[in-house]
Amino acid sequence: MKMRHICLALCAGLALSACSGGTEKASSQSSTLSEVASVIVAGRKAKRNPPELPTLTRPLLDNLTVGSLEVIASKRAQTAYLIPEARRSGNLTVWRTGGNSQVILRDGVLIGTKGLGNDLASADASPALAAVRTRGSSAGQRVMYIRNDVNGVDRMSLSCEVHNLGAENLEIVERSFPTVHLREDCSNETGKIANHYWVDRRDGTVWKSRQWASPQTGYLDIRLLKK
Amino acid sequence: MQRAILRNTSFAAAFVALGTAAYAQSDDGTPHFKMPVQPSLNLYGSPGVIDMPSGEALPDAQFAVSYSYFGGISRSAMTFQFSPRISATFRYVGIRNWNDNGFDTYRDRNFDVRFLLRRESQYLPAITLGLQDFAGTGINAAEYVVATKTFDRPLSLPGTMKVSAGLGWGRLASSGSIGSLFGSNRPKFNPNSKGGNFATDQWFRGPTAPFAGIEWQIDNRWAVKAEYSSDAYEPETSRGVFTRKSRMNFGAEYQYSQNLRLGAYWMYGSEFGISAQLQVNPKRATTPMMVSGPRTIQQRPTRAENPAAWSEDWSTSATAPTTIRDALRPELEKEGLTLEALSLSANSAELRFINRRYSADAAAIGRAARVMAMILPPSVETFRLVLVQNNLPLSTVTLRRSDLEALEFQPDNTDALLAVTGFSEAAPNLPYSVKNPDLYPSLNFSVGPYVSPSYFDPESPVRADAGVSAEFRYRFAPGWLVAGEMRHRLIGNIADSDRFSNSQLPRVRTDSLRYAQAADTTLHKLYISKQWKPGANTYARVTAGYLEQMFGGVSAELLWKPVNSRLALGVEANYVKQREYEQRFGFQDYSVATGHVSAYYEFGRGYMGQLDVGRYLAGDVGATATVTREFANGWRVGGFFTLTNVSAAEFGEGSFDKGIILQIPVGWFTGQPSKRTVSTTIRPIQRDGGARLDVPGRLYEQVRNGHRNDIVADFGRAWE
């Protein structure tokens, strides 16, 4: 028993104290052990010190010099505030976190995620896009392309109908917006989802939405805090 | 005893570590990708009831590790579902209180294969044919045909019920026989035979007996099982290992997590039994890969908007290439890529670079293309990306910049980009290029722990040495490498064995105990090598020095592998001398010229074959056949066997050399991009016949990863 403890302590100590230098990454035992150890340590640290979230106030938002998007990944109970990484024609915005996880919205409709694991690689969200643009109903096929664990992309096809649930006054941090509430019901033989969009009646901005990203990520609750 | 505890504890620790891993499961009714049902295993580690097999197959590619114990009999097994219908199992069994044939505890290795003859349908059962322990000494030798039918909500009860019934031969016909179907002359089990040959003379011979079992999976966690066994355990009960009082077995199992299942059993009316079953699937990572997002493809202004930006005048400037190179380098480094050379013209650019971070080369290509789109002048439309592996330019991947701009946010951009991507040969040298001046010399070193295991010593099945290892790799010019490793053993019990070699052949591998006993501090490796690309589709390597623990000498290799070909051919020649046991600089008297001609073939869908024909370390002549199944994420499972002109008698126990290859990518556990893998080769027994030199840096694996089929398999990560 004693020998075992010595051995375990020794191995743990060595794995953590393993040192290396240079740019090349050899697949040797010691370098592999130290890589795994460092990932575990980093993961623990991140868990112990979750990022502090700001208290949102209107003055705080008004003073921001860049856009801001609040994203809550409900399945992991994580909240993040994202800034624009890039904007493209066709009202497309790539939003990113400090750690460069990304949420990609076209007209406010989710068409991609990056850095979350088993990401939404791309999407044909025609039914939702048509409904958001017209602020009305629509129907059709939604196709989601989702990354798998063998470096490929799996295709998931869903039949969708978008319903207009009527006008709603939406409040986001002390400011209210005249919106239309749209609900997109999608299903295939394995299950169903419901996405929600609150679309500004004046210019079509999606101020708030709840959108399903992938089986792994689940729903994202998104609020546009600043354009 | 202490060792037994150590062994069992580490085994349990590994189980729990993996057992806690969970993966995406749809429990909220949202859409998901269907996962095949995962059957439970029996005490032999095959899909089954308790001691009897069932007719189901594991999900394709499933990898299962299991341990069971009852009545003094332990079984550790590893099963791989090689294809949807074919699975293979390797098992190590120990039977305590054998006290016969010169063994206290009888230990043996088994190989099984199973074929799924038909899948379950609405009304008809799944049927499997199995050969158990078909090539060893045959302690567990049996053949069976078994059918299993699943009933959901049986008799209005909750859960799922599985009913299995089958016919067994051999061990599975030792109790309750109903006669012989295919001849009655089955040779008896002989504990002292050498094993290793296919026991075709006994398959399906002798008496046959029926067996049956039932499994009721009550909810997501709990299941109960009962079975009628046709195994009399004659070799065990006759030697007093345990007393068999009943033909019936009963058990309960608990699904601790998606991966881990634990069971407890009442066996043969007299013994308590336990099992732990771990099932993982290479296609589903324990932690999904999380790569921080890339920079968005920089859009060029349109020609009409800004004609000046599209000017090609820059290309006449003498300083443009170096300026652009210096702008590219730091941006590439941020992505874990190193620029090796760059050539530019007004409309095209070729970037040669080293991928240091991503296991998927497609990811490296995508990131490099994004950096090029950010920095290169708008007039450059064609990007040629060449991955370089230690001075070997592997292939040219050609992308059009306007495709990258147009497709980035399109649905199904992976297939769309692949359709317009070109793959072609990379020339050995890139003329008129600017090179990275800081590549050489480069020194890499690491100091850390090592563990060196040794399996299947009958006295102590798992032995290990551990200590500190110091390594360095020094590159002083393109393709040149000086590398070495020193080890200092701090703790271990490999040297405690007293099983010295009894080999009749030159002791090229069986003297490992003498090597282990000779010294604590050893020079594990020290060599110099040079690799280069001599011409189109060919790759070359020469290596000299202390190549491995037991041999030093010179080695030369030439490989032919076109970028778009499934076939590769190689030739390797070595002249080596056996190293002294102390593993310093000296040699022993034995020297040998050894070498092989090799053919490598990619069958598709990850199945790979390799055939090596040549002369082995002991001077024997023959061939090695290897079949592996590989996954784009880096998992690799396979097996090999070698037949040479050494007779089974000369070879000794096992009759011929064979083994299992297992490689798991580190990123599959950590979810972080990494090129590192953990790999091992498990031989049931290491003898001297059919032994190959272990030369570092063989070419095929280095080259293939950067060729068309591998990049295409990884292409889902090109945009990541």
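## A residue pair in the barrel

In chain B of this predicted model, B:Ser76 stands opposite B:Tyr92 in β3(B). The strand β2 of chain B (residues 73-81) runs antiparallel to β3(B), and nine bridges join them. Strands here are DSSP E runs of at least two residues, helices are H or I runs of at least four, and both are numbered from the N terminus; two strands pair if DSSP finds at least two bridges between them.

These strands belong to a closed, antiparallel barrel of twelve strands in chain B, ordered β1-β2-β3-β4-β5-β6-β7-β8-β9-β10-β11-β12. On average, neighbouring strands of this sheet are turned by 20 degrees against each other, direction ignored.

## Two domains of chain B

Chain B is divided into domain 1 (36-280) and domain 2 (457-485 + 503-695), with bounds from an automatic or database domain assignment. Their centres, taken over C-alpha atoms, are 35 Å apart. Eleven residues of domain 1 and twelve of domain 2 make the contact, where contact means C-beta atoms, placed from the backbone, within 7 Å. On the domain 1 side, β3 (86-95) and β4 (106-118) each give two or more residues.

## Where the chains meet

The contact between the chains takes 66 residues from chain B and 71 residues from chain A. β19(B) supplies the largest share of the chain B side, ten residues.

## Reading the numbers

Residues are numbered from 1 along each chain as its sequence is written, while chains are lettered from A and ligands numbered from 1 in the order written. Local features need pLDDT of at least 70 and side-chain atom pairs count only at pLDDT 80 or more, whereas totals for chains, interfaces and linings use all residues.

Definitions and conventions. Two residues are in contact if their C-beta atoms, placed from the backbone, lie within 7 Å. Axes are lines fitted to C-alpha atoms, for helices over the stretch in contact, and angles run from 0 to 180 degrees between N-to-C directions.
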